[in-house]
Amino acid sequence: MADFPTTARVVIIGGGVVGTSTLYHLAKAGWKDCVLVEKNELTAGSTWHAAGNVPNFAGSWAVMNMQRYSAAMYRTLGEDVDYPMNYHVTGAIRLAHTKERMQEFEKVASMGRYQGLQMDICTPAELKEHNPFMETHSLAGGLWDPLDGDIDPAQLTQALAKGARDAGGRIERFCPVTGVDRDGDEWIVKTEKGEIRCEFVVNCAGYYAQRVGEMFKPFGGRTVPMVTMSHQYFLTEPIAELEAWTKEKGHKMPMIRDVDVSYYLRQDKYGLNLGPYERNCQAAWVKPDDPMPEDFSFQLYPDDLERLEFYIEDAMERVPALGTAGVGRNINGPIPYAPDGLPMIGPMPGVKNAFEGHSFTFGIAQGGGAGKVLSEWIMHGETELDMWAVDPRRYTDHADHDFCLSKALETYGHEYAMHFPHHAWPAGRDKKLSPNHQSLLDAGAQMDAFNGWERATWFAKEGDDTSEESTHTWDRNGPWMPRIKEEVEAVRDHAGVLDMPGFSRYALSGDGAAEWLRGQITGALPKAGRMNLAYWADSRGRIKTEMTIIRWGENDFWLMTAAVALWHDFELLKGNLPADGSLALTNITNDWSTHIVTGPASRDILSGITDGADLSATWMSIQDATVAGKPAKLFRVSFAGELGWEVHTAFDDSPPVYEAIKAAGATPFGMFALNAMRIEKGYRTWKGDLSTDYSMLEAGLDRWVKLDKPQDFPGKAALQAEKQAGIKKRFVTMTVDAGDQDAPYMSTVWHQGEVVGETTSGDWGYRINKSVALGTIRADLAVAGTEVEINIFGKMCKATVQPDQPLWDPENERIRA
């Protein structure tokens, strides 16, 4: 084919709403030399049979931003690209049957208002005013979003395609991709029409994304962690009552989402569209005798309405008009699901210059924003807003097929679930176990997974309620609270031990390693035999990550980071290594395990079981020793803010060391107690308090920024400019008159009737007996003693800005003892 494009800057694989949106955003930004290839016709996959709902509502700050952008973009897209579209902005109500659901609505409404969206909390009577067809039995209230609605997915995709073509983008339909290859720094995308050489390639293949992902395995890729689910919705015949009302009002009935029962119900023409997310859901193409077809374009599964009976009956009680019309058509089609139900948007793990935009369960609502985010990743290597919630690297080697299947079934069946702070989801567990796992369980440990690693969150005693139901609350008070208090007090008054497998750690060595690191981080390196914190910034001076640097020798380092940052941080390091191969970087995470031993008696405890160690060595010192007869590395540091050490041993040497520490008098404690203690010290957590939504200076990390060092580290110029111009917001610690709940992530902070900032984390401080919130507020208010208010689940709670020092042990006398 003479006209076939043989070169491009970017090749996008997949012609659904996300692929076309990505092409549209690239072309609009001036990247005209981009090609989208689609195996069939545009929209042939999940886009074709999608219901087309476009909500703003999301429990995730990042996802809400993405959906808000989509909805706003769609409102003008038809006019922008001169393509007529059916987009009905009908408004929508969400129903709440419980106090907890109303609290969730309050939190999301507050986030929405911060993003410029008006979401109203409603009484049952007010809900009926919005939608007179519904009954209000068993309701506590609800939420109204006037900008919710629905759009025709095919028209949306064609509009994006037209806009992309008009701006210079290229689309090749009926052009299946058969493989990929590398030639130096170029990708070669092989298709049935020919080969295209390009710089970047993007997997937007929808429910084919795992199959496309296999093509990248020879180049460092992995099996894409996703499962295809069967999702049904049905359309009724026309309903005369609804038709008459629509013609009288001149608009469609607002959508209803009964999130506690688990379905949506909206008007479609003059009938209704009911779409449940049923508990007894089904995955597709997951058994050897049911493989994914080579091509399932424009196809559906057989009807299976029996699965939906409960939901249909409930919906008919809620909206009696539903029961007056027959089923006109049933849609049962494939929808891709990531384990957490959120899409994968960002760099393809392990593969250079490859990106992903797939596994969308709400692809129509998120497609516009996803195209924006993907184009930013491709063009700039970073995104305007922190998008870790959807980053493909959030799933690492624990996400095997069993994990993905069990989590997808759980997530689909609880599509509208509330994510309570003390709740641990049971599916997909026990993927990575500490050698002390059984010992922890025997001691009453309640577990949760951290990047697949099982860790204790708290230790229950006989008679404590450890049921899953007990955790279905936003309140801090529950069976765990007295136990967390006991664990914190044990650390405060004597000593505790936390078994903590899964710290991400990498070994870096080679001539020039120290100088290379100096050019990567914003601050300084520790001296040999010491450790310190270090930060990596993006080009805007915003926080990419935090790692602990352990310096064994001049050019011999360990770099340690959060469990969930395993692939993210390894790729950050690997992607910037010198091309000459002079430095060696190795992931040694699985070789080691860690015990945190902390509290005023920790030195005495370790002295009785340790040989060859200088336990008077100062804060941030590192040394080799023998603990309980096993080789160990001792780091003088404590995230709990007490005298303490991290004891690092070979993974299989962990059990005798753990047992010896306990036998010497340390009380086991869990992650809940650790979080309560770290927040009293103002210590930050990654992707909570530390993210690319904040610059190093906004986050109050000035002392880890060395603008006078000669190395031109990423973000240096931006930070110099920010410092000169003045910092607009500042990180603060606040104590809160919080009532029954502590401030969750992204609670709004108010002063004199206006929003002035947001919280990044909150918890109860058991040593100071107060609720604590960390966050950022307007710089002029970041002064000790300033009184503000924090919206916590709809309640305005008084909060006071504290001095820029830890709330517990402000002079750090205990940790340096």
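This note goes through helix packing, sheets and annotated spans in a predicted model.

1. Helix α1 and helix α10. Helix α1 covers residues 17-28 and helix α10 covers residues 363-380. Their axes come within 7 Å and cross at roughly 45°. α1 and α10 are therefore oblique to each other. The crossing of α1 past α10 is right-handed.

2. Residues between α1 and α10. On the α1 side, the contact involves Val17, Val18, Ser21, Thr22, His25 and Leu26. On the α10 side, the residues met include Gly363, Gly367, Gly368 and Gly371, along with Ile364, Ala370 and Lys372. Leu374, Ser375, Ile378 and Met379 of α10 also take part. By class, the contact of α1 with α10 holds 8 nonpolar, 8 polar and 1 charged residues.

3. Helix α3 and helix α6. Helix α3 (residues 61-81) packs against helix α6 (residues 153-166) at an angle of about 55°, and the axes are 10 Å apart. α3 and α6 are therefore also oblique to each other. Here the crossing of α3 past α6 is left-handed. From α3, the contact uses Met73, Tyr74, Leu77 and Val81. From α6, the partners are Leu156, Ala159, Leu160, Lys162, Gly163 and Asp166. The classes in the contact of α3 with α6 are 7 nonpolar, 1 polar and 2 charged residues.

4. UniProt, in an unreviewed entry, gives residues 380-434 as "domain: FAD dependent oxidoreductase central". In the model this span is 25% helix and 0% strand. The C-alpha atoms at the ends of residues 380-434 lie 39 Å apart.

5. Residues 437-709 are 22% helix and 30% strand. Between the end C-alpha atoms of this span there are 46 Å.

6. An open sheet. Seven strands would be read across it in the order β30-β31-β32-β33-β29-β23-β34, and the pairing is mixed. At the edges are β30 (610-611) and β34 (667-668), each pairing on one side only. Inside the order, β29 (residues 592-598) and β33 (residues 644-650) pair in the antiparallel sense over 7 bridges. Within this pair, Ile596 stands opposite Glu646 in β33. Strands of a sheet pair through backbone hydrogen bonds, either parallel or antiparallel.

7. UniProt lists "domain: Aminomethyltransferase C-terminal" for residues 729-807, from an unreviewed entry. The chain over residues 729-807 is 0% helix and 58% strand. Its end C-alpha atoms are 21 Å apart.

8. A closed barrel. The barrel has 6 strands, running β35-β38-β37-β36-β39-β40 with antiparallel pairing. Direction ignored, neighbouring strands of this sheet are turned by 40° against each other on average. β39 (residues 787-792) and β40 (residues 795-801) form an antiparallel pair over 6 bridges. One of the bridge partners in β40 is Lys798, which stands with Glu789.

9. Which strands does helix α4 touch? Helix α4 (residues 99-114) packs on the sheet against β36 (748-751), β37 (754-765) and β39. The direction of α4 makes about 145° with that of β37. Helix α18 (residues 671-680) also packs on the sheet, touching β37 and β38 (770-778). The direction of α18 makes about 130° with that of β37.

Key:
Residues are numbered from 1 along each chain as its sequence is written. This is a predicted model: local features need pLDDT of at least 70, side-chain atom pairs count only at pLDDT 80 or more; totals for chains, interfaces and linings use all residues. Side-chain values use heavy atoms; hydrogens and water are left out. Axes are lines fitted to C-alpha atoms, for helices over the stretch in contact, and angles run from 0 to 180 degrees between N-to-C directions. Helices (H or I, at least four residues) and strands (E, at least two) are DSSP runs, numbered from the N terminus. Angles under 35 degrees count as roughly parallel, over 145 as roughly antiparallel, 65 to 115 as roughly perpendicular and the rest as oblique. A crossing is left-handed if the near helix is turned anticlockwise from the far one by less than a right angle, and right-handed if clockwise. Contact means heavy atoms within 4.5 Å. Ala, Val, Leu, Ile, Met, Phe, Trp, Tyr, Cys and Pro count as nonpolar, Asp, Glu, Lys and Arg as charged, and the others, Gly among them, as polar. UniProt positions are given in the numbering used here, feature names are shortened, and annotations may be inferred rather than shown by experiment. Two strands pair if DSSP finds at least two bridges between them.
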